[in-house]
Amino acid sequence: MDLFRVLHLDELSHGLAGLSMFPYFDTAHYTVSVMALREQPGALEVARRSPFACWFSSMLYCFGGGILSGLMMAEAPIAPLSNSINVLMASVIWYLVFYCPQDMVYACTALFPVRLVLTGMKEVTRTWKVLGGVAEAHSKYKDGLLVMIAIGWAKGAGGGLISNFEQLVRGVWKPETNELLKMTYPTKITLIGAVLFALQQTQYLAIQKHHLMLLYTVFTVVNKTSMMLTGSSSSPFAPIESVVHRTFFAGPSPSFTSETKTSVVKKGTGERLNRAAVPETSKAPGSSSKTAAHNRGKGSPKKANVQSESTETESCKKSD
């Protein structure tokens with residue numbers, strides 16, 4: 001793009017595209033991932049009770065993207081663990097974060113300036129993971145745009161997408177925390193990156209790959225660091241999401257639905273009352289006279305008793 005040449009960003013984008021993630025950026029990724037696991041409720045208790053379960057959960061946090069994308073591509077899910085150096089590095093970081101004497105490593109990495117730098121470096125690795133997943137899918141499915149998006153998304157945000165399985169390793173079952181039900185910011189930004197890189201890979205997006213890598217990396221790093229600096233946990237895409245949801249996926253409002261149900265119930269009740277009233281008004285004309293006569297007949301014995309009592313009283317008075 002001419003704009004990159006004018007701003008002298010073309011060389012920067014080429015330099016970023018040739019940047020190696022090992023060892024510094026991978027170390028930052030493993031450190032932030034293991035710290036996120038440690039801060040989960042009950043993680044320290046699991047670490048004391050079952051170190052192996054804690055280590056396995058850490059590996060899922062660190063290599064979850066590669067494991068999930070491997071399953072989706074019908075490859076061995078343990079392939080990401082075949083790199084002994086990376087596994088050893090992640091294991092050392094796991095041990096230091098959980099079991100270091102005096103908790104010195106976690107205390108140092110939890111300092112806000114250190115954590116801010118580590119988080120920014122972890123966001124850089126997200127670009128390489130998403131791009132790697134899209135390129136891997138493109139090598140097997142040339143025109144499979146959805147496949148590229150799915151594999152890129154899985155490789156970049158696999159740790160969050162398999163969070164329910166990771167929780168089972170620690171003895172926790174919370175299906176309501178499913179990432180597909182309520183996506184977090186990393187999952188959303190990874191999905192956006194997968195769509196962009198898949199469109200660029202299939203030449204639907206007219207931009208060079210290294211330029212897109214620079215734009216996406218700067219966007220993710222700036223967004224994440226600004227969220228940490230401001231202490232905001234809400235997604236920057238929340239306004240757009242709310243507008244899209246209200247426009248296309250909201251459906252009928254609850255008040256409209258309740259009003260409709262109330263009107264239907266009232267209508268049905270009125271019809272039943274009308275049906276019940278019809279037989280009473282359609283009776284034969286002589287039925288009312290028969291009923292009156294019957295009532296008069298019921299009352300006649302009482303009147304006869306009264307008349308007999310009055311006759312007896314008069315006869316007594318005459319005898320006196």
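Colleague: Which residues touch the most other members in the largest nonpolar core?
Modeller: W128, V134 and F197 do. That core has 28 residues. Keep in mind that this is a predicted model.

Colleague: Which helices each supply at least two residues of this core?
Modeller: α8 (112-140), α9 (145-161), α11 (185-201) and α12 (209-230).

Colleague: And which helix gives the most?
Modeller: α8, with six residues.

Colleague: Switching to the surface. Which residues form a nonpolar patch there?
Modeller: L88, V92, Y95 and L96. Together they have about 380 Å² of accessible area.

Colleague: Where does V92 lie?
Modeller: In helix α6, residues 84-99.

Colleague: Why does V92 count as partly exposed?
Modeller: Because its relative accessibility is 43%. Partly exposed runs between the 20% cut-off for buried and the 50% cut-off for exposed.

Colleague: Now the whole chain. How many helices and strands?
Modeller: 15 helices and zero strands.

Colleague: What share of the residues is buried?
Modeller: 34% of the 320 residues. The chain exposes about 19700 Å², and carbon and sulfur atoms supply 65% of that area.

Colleague: What about contacts between residues 24 or more positions apart?
Modeller: They account for 74% of the contacts with a separation of 6 or more.

Notes: Residues are numbered from 1 along each chain as its sequence is written. This is a predicted model: local features need pLDDT of at least 70, side-chain atom pairs count only at pLDDT 80 or more; totals for chains, interfaces and linings use all residues. Side-chain values use heavy atoms; hydrogens and water are left out. Patches are made of residues with over 30% relative accessible area and no salt bridge: like charges are joined within 9 Å, nonpolar side chains (Val, Leu, Ile, Met, Phe, Trp, Tyr) within 5 Å. Accessible areas come from the Shrake-Rupley method with a 1.4 Å probe; for residues, only the protein chains shown count as cover. A salt bridge is a side-chain nitrogen of Lys or Arg within 4 Å of a carboxyl oxygen of Asp or Glu. Helices (H or I, at least four residues) and strands (E, at least two) are DSSP runs, numbered from the N terminus. Buried means under 20% relative accessible area, exposed over 50%, partly exposed in between (1.4 Å probe, protein chains only). A nonpolar core is a set of buried Ala, Val, Leu, Ile, Met, Phe, Trp, Tyr and Cys residues joined through side-chain atoms within 4.5 Å. Contact means heavy atoms within 4.5 Å.
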